[in-house]
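Here is a brief report for a first look at this structure. Please keep the sequence and the 3D view at hand while reading.

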Amino acid sequence: MNRILLLMVAVATAAGLGAQKPVAQPANKMTAFVNALMAKMTVDEKIGQLNLLNPGGGVATGAVVSSGVESKIKSGGVGALFGIIGVDKIRQAQQLAVSSSRLKIPMIFGSDVIHGYKTTFPVPLALSCSWDLAMIERSARLAAEEATADGLSWVYSPMVDIARDPRWGRVVEGAGEDTYLGSKIAAAMVKGYQGNDLAANNTVMACVKHFALYGAAEAGRDYNSVDMSRLKMYETYLPPYRAAIDAGAGSVMTSFNDIDGIPASGNKWLMTDLLRKQWGFKGFVVTDYTAINEMVDHGVGDLQVASALALKAGVDMDMVGEGFLTTLKKSLQQGKVTQRQIDDGCRRVLEAKYKLGLFEDPFRYCDSSRTQREVLSADKRTAAREFGARSCVLLKNNNQTLPLKKSGTIALIGPLANNKSNMLGTWAVSGEPQLSVPVLDGMRSVGGSGVNILYAKGANITDDTALAKKVNVFGVRADVDSLSPDQLLTQALEVAGRADVIVAVVGEASEMSGEAASRSDISLPVNQQRLLQALAKTGKPLVVVLMNGRPLILNMEAELATSLLDVWFQGHEAGNAIADVLFGNYNPSGKLTMTFPRNVGQIPIYYNHKNTGRPQGAGPTQKFRSNYLDVSNEPLFPFGFGLSYTTFSYSEIKLNRTSMRAADQLQLRVTLSNTGQFDGEEVVQLYLHDEYASITQPVKKLKAFQKIRLQAGESKDIVFNLTVDDLKFVGSDLKPIYEPGNFTVFVGGNSRDLKQAKFVLVP
Ligand code: NOJ
């Protein structure tokens, strides 16, 4: 036995912790440190480490806030805090922990850093539309730098829930509907946040959420039940969480829904068997906000029962609910939980603190000289502008109306055209809306003096005052103008009458998507529809700029618009980034990561559905086929879709072989040509279909993509190398398998318009 081990045995024996055996192998430094510390801890102090509180004062992210926080910290009853902003406050709270609590254990300080910290970047769904993994990683890196310069060391991101129901407001927080792309983005974000060294003072611990399947809430209603087959879980919903874990995510947050009838926060299969045993996760699990308490409403039992269930399932930290704090000791005394279970949770929390370097220096992230230099710094705003431009998706562009000329007269109209309060989008808890650049300012500055820009509001975001009240919870997002709707419209038409082209900036208020912002009708508010109809009647070119946190129903708008640009919610640099795109300083390259339905009845709608035994087939609705009487099966805009100011063409696919064995590599080559007038980027997408398999397979699955930049007139050979790993699917034993047989490979610029080739995998 080495010295450390001897010491640990001595400490453990002295503390009377017979059950806590020191590890048999020579302990590494962290284990030795944590063992020695735990040997000194009382049961109450150990339970205290499992407690995460929110003292309030910031933007509310849940229905309750914690009370008596100061005395709880002093008594060793708090492991971590979130919801407090700024080095001074964080330093003060940390000081309490490391000077007034008996064992002086530092706390972790977390926050919802979702799309940037104080400098707000485009919402995650927007970023995903860039299909630019390096950029997405950089957005997380910059957010980590800024957050750590302001005292934080833990972020509640990435949100990797696959989402196929745009009624669910939280689709805005994720990467859309696709498993492959979602997994790549999950890993990129973890890398961006955590870097190579968690203890560095500019990296944060990521928290992948919401584990698991939260995006599949029934009817798109937030917090609703989830029920799905294991096959679908393993094939479609679980891989992005797994990718984040494999990338080293230090923590995991549970989801609010149940899975197989057991709430996620009390689900042992999920957190112990799958996450820890199968996936080898070594970090800690935190619940979502009061999720243990909510298990009472789920019907598992009272708070003591729910808390014990959560601990035994593998939860290490209780967010805000204080179920652990108030009931675990009693459960221990009654034999309902074991000391070992409490110790396991405590150990994992202490290990996280160790990895973050907090024991070495509890004030590691409290360097106010960094705050001055790095928070809201110019480089971050420059990045926000670039990210914004690269996230826009051009959905229509007739007559090359875009890019706009930097001359003549433009009528800039719409409730979101000269607005700061909605630019950040939801979940910008530390972002200051007033620092946003409105579209009007961006257009004036990018357009320059040669262009005359006239402005009119034209309409409220909504005339529905009941809806406005609901979306104004964090400040006024949807105001009701002192002018009547008719007066607003008259002004807009007057301004439009004097212009060469109309740019209408319309959409959702930022809080019409996000948490607890489900909508059963995902159309544009009717008063904005009326505005667009009136503007279209002028006969002038109508560019519609759409701000939204989810796919919307846009049949009429897409018909009326000459050009349609989806800009989502872009963050602080919205106006500049949008103007960069509208005036052609940046040629849009975004592609949709969620399908846009034609009506709500088509939902759930996603590109990689299965075929059914009676597929729709070509042509109109047919009897005894899988189709609707009243709408086609096709979406309005498919997954992967997005135009450019230039045009791209694809050659036929060339394969290096049409028959491959498991050990072979299949090389696929297409020539991509920029056939238009502008330099531009194209996301070349590769999909696969397995024709016959023991498990029914989707019509296509994204398997690879490359974002390629080509000058006008340039062509380039794009090469993809596929191996048998790309041909795998989840078999009936839930393990990835491949099966010999025929495959179709598709390549193109969206999931609908594709070149195809066939090959066979031979045994
Ligand atoms: C509830 C949300 O579901 C979660 O995403 C968030 O991180 C927590 N609240 C903390 O604010």
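Contact, as used below, means heavy atoms within 4.5 Å. The model is predicted.

## The pair α8 and α10

Two packed helices are described by the angle between their axes and the distance between the axes. Helix α8 covers residues 179-194, and helix α10 covers residues 239-246. They pack at an angle of about 25°. Their axes lie 8 Å apart. Angles under 35 degrees count as roughly parallel, and α8 and α10 are therefore roughly parallel to each other. Their crossing is right-handed.

Which residues of α8 and α10 meet? From α8 come Thr179, Gly182, Ser183, Ala186, Ala187 and Val190. From α10 come Pro239, Pro240, Ala243 and Ala244. By class, this contact of α8 with α10 has seven nonpolar residues and three polar ones. Charged residues are absent from it.

## The buried face of α12

Helix α12 runs over residues 291-298. Ala291, Ile292 and Met295 are buried in α12. Seen down the axis of α12, its buried residues fall within an arc of 105°, so they line one face of the helix.

What covers the buried residues of α12? The cover includes three strands: β6 (251-254), β8 (262-263) and β10 (318-319). It also includes the helices α13 (303-313) and α14 (323-333). After α12 comes Gly299. The phi of Gly299 is positive, near 100°.

## The two sides of α14

Helix α14 has these buried residues: Gly323, Phe324, Thr327, Leu328, Ser331 and Leu332. Seen down the axis of α14, they fall within an arc of 145°, so they line one face of the helix. On the other side of α14, Thr326 and Gln333 are exposed.

The buried residues of α14 pack against several elements. Among them are α3 (43-49), α12 and α13. Strand β10 and helix α15 also belong to this set. Gly335 follows α14, and its phi is positive, near 75°.

## Tyr365 in its loop

Where is Tyr365? Tyr365 sits in the loop between α15 (339-355) and α16 (368-374). Is Tyr365 buried or exposed? Buried means under 20% relative accessible area. At 2% relative accessibility, Tyr365 therefore counts as buried.

Tyr365 and Phe109 are 256 residues apart along the chain. Their C-alpha atoms are separated by 9.4 Å.

Technical notes. Residues numbered from 1 in each chain as written. Predicted model: local features only at pLDDT ≥ 70, side-chain atom pairs only at ≥ 80, totals over all residues. Heavy atoms only, no water. Axes fitted to C-alpha atoms, helices over the stretch in contact; angles between N-to-C directions. Helix = DSSP H or I, 4+ residues; strand = E, 2+ residues; numbered from the N terminus. Parallel < 35°, antiparallel > 145°, perpendicular 65-115°, else oblique. Left-handed = near helix turned anticlockwise from the far one by under 90°. Nonpolar A, V, L, I, M, F, W, Y, C, P; charged D, E, K, R; others polar. Buried < 20%, exposed > 50% of the residue type's maximum accessible area, 1.4 Å probe, protein only. Arc of directions from axis to C-beta.
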